[in-house]
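These are my notebook entries on the structure shown below. I record what I looked up, entry by entry.

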Amino acid sequence: MRDPYEVLGVQRGASAAAIKSAYRKLAKKHHPDANKNDPKAAARFSEVNAANEIIGDEAKRKQFDRGEIDAEGKPRFQGFPGGDSRARGRASPGGGFETFSFRTSGGPGGGFEGGAGFEDILKSMFGGAGGPRGGATAFDDSPFGMDLDLSVNMAVSLEESVKGGEKRVRLPTGKELNVKIPAGVVPGQQIRLKGQGETAPGHPPGDLLITISIAPHPFFKVDGSDLRVDLPITLYEAVLGAKVRAPTLGGAVDLSIPKNTSSGRTFRLKGRGLPKAGGGSGDLYFTTRIMLPDGNDADLEALMQKWRADHPYNPRSDLG
């Protein structure tokens, strides 16, 4: 993945508010629902969400800036435990690390390619003995099991978490896979792909473990199995009542706004939230926000002045 600062179009010294603003603009611009005829919109939307997962989170941003995690949120290689310089990878021209490889030993002196014997590596890592025996693959007789599983994180959109879909994931090895996302996934859920992990001679391949996170939505807020959204309405819609278009995960609907609706009033659409683990779905809540027109409006000001003179009232009378 590209540098998250580059993806969101912000400088490395940008404030948290600037990053949040940039993310919201790009998320709305590239949201799949707004680009149904653009097959690449979903990939751009996913990239924007993944970038925000890194630098939109204060702790992860600091880790990324210090070089502790990469652009996908995965820890960067810091060397083997024990401080043995012989067991550390060499910096590659690309800024990463060269991968040491293990070979079949021809006798007691065989071992680790790259300078240190395998027995020495085990001692520096675990403080014990355990070198390879003659004629055996280096790991075959080791008392320590090999962990060949790969773990990656995948951010999915709220819509993908509900409906399912397919996404392409890039592994640390550089390999790319299409992954089917089951409908109803939740944050922290893992998808296991058998045999798609790392490989080593004499061992079955490991598995790929994909941990799901749900990217923040431009306007839906998740509240358990419920969804909440602020619904902007005009002053005249609040006073006179109206039918307004309101978003749901299944498409926009017409919502009736009664006459004399105050800002902050909440309306519920039953069963339009997220699937529940035991069956059924949560609800969708709309909270009205009265929005005045941009700029100064002389006619509106004159109307309000007349209204203030003829119909004074105090909505804060209960506050003392």
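**Entry 1. Surface and overall make-up.** Accessible areas here come from the Shrake-Rupley method with a 1.4 Å probe. The model is a predicted one, and I began with the whole protein chain. I found that the chain exposes about 19300 Å², of which carbon and sulfur atoms supply 51%. I then looked up the secondary structure and noted eight helices and 11 strands. Of the 320 residues in the protein chain, 33% are buried. I also checked the contacts with a separation of 6 or more: residues 24 or more positions apart account for 47% of them.

Entry 2. In soluble globular proteins, nonpolar side chains tend to be buried together.

Leaving aside residues up to four places away in sequence, Ile55 touches Pro4, Tyr5, Leu8, Val10, Ile19 and Arg61.

**Entry 3. Asn52.** Is Asn52 buried or exposed? Its relative accessible area is 12%, so Asn52 counts as buried. I located Asn52 in helix α3. Beyond residues up to four places away in sequence, Asn52 touches Leu8, Ile19, Tyr23, Asp57 and Pro216.

**Entry 4. The cavity.** How many cavities of 30 Å³ or more are there? I counted one cavity of 30 Å³ or more. About 40 Å³ of space lies in the largest cavity. I listed the lining of the largest cavity as Pro32, Ala42, Phe45, Ser46, Asn49, Ala155, Val156, Ser157, Glu160 and Lys167. Sorted by type, the lining residues are five nonpolar, three polar and two charged. Both α3 (41-55) and β1 (150-156) supply at least two residues of the lining. The largest share, four residues, comes from α3.

**Entry 5. Lys40.** I found Lys40 in the loop between α2 and α3. With a relative accessible area of 58%, Lys40 is exposed. I compared its position with that of His30: Lys40 and His30 are 10 residues apart in sequence, and their C-alpha atoms are 9.0 Å apart in space.

**Entry 6. Asn260.** Most residues other than glycine have a negative phi. I noted that phi of Asn260 is near 60 degrees, a positive value in a residue other than glycine. Asn260 belongs to the loop between β9 (253-257) and β10 (266-269). At 67% relative accessibility, Asn260 counts as exposed, because the cut-off for exposed is over 50%.

**Entry 7. Gly273.** Where is Gly273 found? I placed Gly273 in the loop between β10 and β11 (284-291). Gly273 counts as buried, at 10% relative accessibility. Its contacts, not counting residues up to four places away in sequence, are Ser225, Leu227, Ser281, Gly282, Asp283 and Leu284. I also looked up Gly273 against Val222: the two are 51 residues apart in sequence and 8.8 Å apart in space, C-alpha to C-alpha.

Technical notes
Residues numbered from 1 in each chain as written. Predicted model: local features only at pLDDT ≥ 70, side-chain atom pairs only at ≥ 80, totals over all residues. Heavy atoms only, no water. 1 Å grid on protein atoms, 1.4 Å probe; cavity = no way out; pocket = protein on both sides within 12 Å on 5 of 7 lines; lining within 4 Å. Points joined across faces, edges and corners; volume = space filled by probe spheres on them. Nonpolar A, V, L, I, M, F, W, Y, C, P; charged D, E, K, R; others polar. Contact = heavy atoms within 4.5 Å. Buried < 20%, exposed > 50% of the residue type's maximum accessible area, 1.4 Å probe, protein only.
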